[in-house]
Amino acid sequence: MGELFLKTLNMSIAASWLILAVVLLRFALKKAPKWIAVLLWGVVAVRLVVPFSFESALSLIPSAETFNAHNIQYETPVISSGIPAVNNAVNPILDETFAPNPAGSVNPLYVWIFIVSVIWLIGIAAMLLYAVISYVRVRRSVAERAPYEENIFLCDQVKSPFILGLVRPKIYLPSNMDATSIEPVIAHETAHLARHDHWWKPMGFLILTVYWFNPLCWVAYVLLCRDIELACDEKVIRQMDLD
């Protein structure tokens, strides 16, 4: 389990560099279509899911393996961040604090890695439990609904429009929505369905569940959701006339 966590940690660190690059690109491409930003977040998602990477002189990632499981478990624990200044600052501390014990079967740092990996799994379980409870609550809130048209329903308990479902998604709207705003809102939610955002958002949350310990992954998920909404707005506006 410790090796699995170290693999996940290394992937998280490598993806963090890419997240920072995408955040900077969002500012540089502020006037570009928002679907480009969503596509960039897709690249980040691939980096977080694919367990290997290709390093080159032009790579944004200084090192694909900051923590080596074999060294941490059996040899002198060191990091290889790809940044000499960071290595020179951290490695002496690791050597002094977690020096190998000849009488022990594993290094002290590896014991701590095991403890942290247990906490990591507990965090994943908590995130999944939160998702299940949230889904059940939403399902209960739309139990009483009135059909509007096709897969669109009106519900008294709904405060803001949303889509629920992966295989057969349905659009839920507040019952008190006025006639002047309901059509643009339906167009916006329909754009979500056309772009398959009802798949991408849950997939993003599932990836976040694994990397919940990385603050940059939370930033990436929040910005992904924001860019998805803006991309849908742009899609709807392009289809509207001036009036």
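The expected span of a helix is 1.5 Å times one less than its number of residues. Helices (H or I, at least four residues) and strands (E, at least two) are DSSP runs, numbered from the N terminus. The model on screen is predicted, so local features need pLDDT of at least 70 and side-chain atom pairs count only at pLDDT 80 or more, while totals for chains, interfaces and linings use all residues. Residues are numbered from 1 along each chain as its sequence is written, and side-chain values use heavy atoms, with hydrogens and water left out.

**Whole chain**

Start with a cartoon view of the protein. It shows 8 helices and 4 strands, in the sequence order α-α-α-α-α-β-β-β-β-α-α-α. Next, colour by accessibility. Buried means under 20% relative accessible area, exposed over 50%, and partly exposed in between (1.4 Å probe, protein chains only). Of the 243 residues in the protein, 36% are buried. Contact means heavy atoms within 4.5 Å. Among contacts with a separation of 6 or more, 59% are between residues 24 or more positions apart.

**Stop 1: helix α2**

Select residues 34-49. This is α2, with 16 residues; from first C-alpha to last it reaches 23 Å, close to the 22 Å expected at 1.5 Å a residue. Show the side chains of Lys34, Ala37, Val38, Trp41, Val44, Arg47 and Leu48, which are buried. Look down the axis: the buried residues of α2 fall within an arc of 165° (taken from the directions from the helix axis to the C-beta atoms), so they line one face of the helix. Leu39 and Val49, on the other side of α2, are exposed.

**Stop 2**

Centre on Trp41. Beyond its neighbours within four places in sequence, Trp41 is in contact with Ile19, Val22, Val23, Arg26, Ala220, Leu223, Leu224 and Asp227.

A nonpolar core is a set of buried Ala, Val, Leu, Ile, Met, Phe, Trp, Tyr and Cys residues joined through side-chain atoms within 4.5 Å. In soluble globular proteins, nonpolar side chains tend to be buried together. The largest core here has 22 residues, and those touching the most other members are Ile19, Trp41, Val44, Leu48, Leu208, Tyr211 and Cys217. The elements giving two or more residues to this core are α1, α2, α7 and α8. Its largest share, 8 residues, comes from α8. Apart from this core lies another, of 9 residues; to find it, select Ile152, Val185, Ile186 and Leu193, which are among its members.

**Stop 3: helix α7 and Asp197**

Now select α7. Its 14 residues should span 20 Å at 1.5 Å a residue, and its end C-alpha atoms are 20 Å apart, which agrees. Buried in α7 are Asp197, His198, Gly204, Phe205, Ile207, Leu208 and Thr209.

Zoom in on Asp197, which has a relative accessible area of 3%. Its side chain is joined to that of His192 by a polar contact of 2.8 Å (a pair of N or O atoms within 3.5 Å; within protein, one must be able to donate a hydrogen and the other to accept it, and residues adjacent in sequence count only if both atoms are side-chain atoms). Not counting residues up to four places away in sequence, Asp197 touches His192, Pro202, Ile228 and Cys232.

**Stop 4: the aromatic cluster**

Select Phe5, Trp120, Tyr211, Trp212 and Phe213, which ring pairs link into a cluster. Rings of Phe, Tyr and Trp (its six-membered ring) pair if their centres lie within 6.5 Å; planes under 30 degrees apart count as stacked, over 60 as edge-to-face and the rest as tilted. The count comes to 7 aromatic pairs by this rule. Trp212 and Phe213 make an edge-to-face pair, at 6.3 Å centre to centre and 80° between the planes. Trp212 is partly exposed, at 26% relative accessible area, and Phe213 is partly exposed, at 24%.

**Stop 5: Gly2**

Finish at Gly2, in helix α1. Gly2 is buried, with a relative accessible area of 3%. Leaving aside neighbours within four places in sequence, Gly2 is in contact with Tyr110, Ile113 and Ser117. The C-alpha atoms of Gly2 and Ile115 are separated by 8.3 Å, although the two residues are 113 apart along the chain.
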